[in-house]
Amino acid sequence: INVSFIGAINKDSGQHLISNELDKLEKNNIDNAPWKQFNYMPEVQFTIAYNDCIFLKYYVREKSIRALYHKTNDPVYKDSCVEFFVSFNDEPEYYNLEFNCVGTCLAGFRTDRTNKKTVSEKNINKIKTRSIITKPVYNNAEWEWELTTVIPLALFEFHQLKSLKNITCKANFYKCGDELPEPHYLCWNNIISDKPDFHLPEYFGILHFI
C-alpha cells in the first residue's frame, strides 16, 4: 500500500474532519480467511494516511457485535476487534495495536505472541478514536460500525520517529472476535499457518509512506 500524506489534517484535528478525509481514500479489503474452520467472513475494509501521526479507519459489517472491555490493555480481541501490526527497519520486533468496536486499545511491542515489551499506558492513551455503531432496525440485519483512529508517533516509543515521510515498513491488518457467536480471523495480507495466529511478522505486507 502507498500511504498518502494528507496536509489538511493532523493529530490535533477534529475527529469528524479526520473521519471525512479518510472516507475519500481508496478502501483496502481485509478479506483473507486463512483458517477454514472459522469460515464466517464479515465485510471489513480500511483506509490509511499520515501526517504527524498515522490515520487509520476501519469499516465493518458483521452479524453481531460485542464490546465488554473498556480499560486500556483489556483483552479486546475477545470483542468485535480490528488490529494493526507494524514493524520498522526490517526488524523482527513489531507493534501490535488492537481495538474493539468502541475504541478500547490493547498495545504492545513484541518479537512473537509470547515475548512482549510493555508500551506505556500514557502513550497508548494518546491515541484518539471515534466509533460509530449502527444498530440493525429489522430482523436479521447486520451491524455496521466504523472506527477512526489517530495514532501519534509517540506510541512507537522504541523508535525515534520524527517523520514517516519516505519510510517503508511492514504491516498487517486484521479483524477478529474470539468470543463472538461466530468467531473469525481475517487478515489483509494472507497468513500460512496451521492454526490461527496473527503474530507471524513473516507474513506482513508492505507500506510505503509517500
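Two strands pair if DSSP finds at least two bridges between them. Helices (H or I, at least four residues) and strands (E, at least two) are themselves DSSP runs, numbered from the N terminus. Strand β1 (residues 2-5) pairs with β13 in the parallel sense, over two bridges, and here Asn2 stands opposite His208 of β13. A parallel pairing over two bridges also joins β1 to β3, where Phe5 has Tyr50 as its bridge partner.

The model is a predicted one, in which local features need pLDDT of at least 70 and side-chain atom pairs count only at pLDDT 80 or more, while totals for chains, interfaces and linings use all residues. Residues are numbered from 1 along each chain as its sequence is written, and side-chain values use heavy atoms, with hydrogens and water left out.

Now for the overall picture. Two helices and 13 strands make up the secondary structure of the protein chain. Its radius of gyration (taken over C-alpha atoms) is 16 Å, close to the 17 Å that the globule rule gives for 210 residues, so the chain is as compact as a globular protein of that length. That rule is 2.2 Å times the number of residues to the power 0.38. Along the principal axes, the C-alpha atoms fill a box of roughly 50 × 40 × 30 Å. Of the 210 residues, 50% count as buried; buried means under 20% relative accessible area, exposed over 50%, and partly exposed in between (1.4 Å probe, protein chains only). Among contacts (heavy atoms within 4.5 Å) with a separation of 6 or more, 63% come from residues 24 or more positions apart.

The interior comes next. A nonpolar core is a set of buried Ala, Val, Leu, Ile, Met, Phe, Trp, Tyr and Cys residues joined through side-chain atoms within 4.5 Å. The largest such core has 40 residues, of which Phe84, Ile151, Phe156, Phe173 and Leu207 touch the most other members. Two or more residues of this core come from each of β3 (43-50), β4 (53-62), β5, β6, β7 (105-110), β10 (143-152), β11 (168-176) and β13 (205-209). Another core, of 15 residues, lies apart from it and includes Cys81, Tyr94, Leu106 and Tyr174.

Helix α1 (residues 15-23) has Gln15, Ile18, Ser19, Glu21 and Leu22 as its buried residues. Seen down the axis of α1, these fall within an arc of 165°, so they line one face of the helix; the arc is that of the directions from the helix axis to the C-beta atoms. An α-helix has 3.6 residues a turn, so residues three or four places apart point the same way. The buried residues of α1 pack against β3, β4, β9 (128-134) and β10.

Glu21 is buried, at 16% relative accessible area, whereas Lys24 is exposed, at 62%. Another salt bridge joins Lys57 and Glu146, with the closest N and O atoms 3.2 Å apart. This pair links distant parts of the chain, with Lys57 in strand β4 and Glu146 in strand β10, 89 residues apart. Lys57 counts as buried at 0% relative accessibility, and Glu146 as partly exposed at 27%. Arg66, Lys78, Asp79 and Glu179 are linked in a network of salt bridges.

The loop between β5 (81-88) and β6 (94-100) holds Asn89 and Asp90. Most residues other than glycine have a negative phi. Asn89, however, has a positive phi of about 60°, and Asp90 likewise has a positive phi of about 60°. Asn89 counts as exposed at 59% relative accessibility, and Asp90 is exposed at 65%. Asp90 also forms a salt bridge with Lys170, the closest N and O atoms being 3.6 Å apart. This pair connects the loop with strand β11, across 80 residues, and Lys170 is partly exposed at 32%.

How values were computed:
A salt bridge is a side-chain nitrogen of Lys or Arg within 4 Å of a carboxyl oxygen of Asp or Glu.
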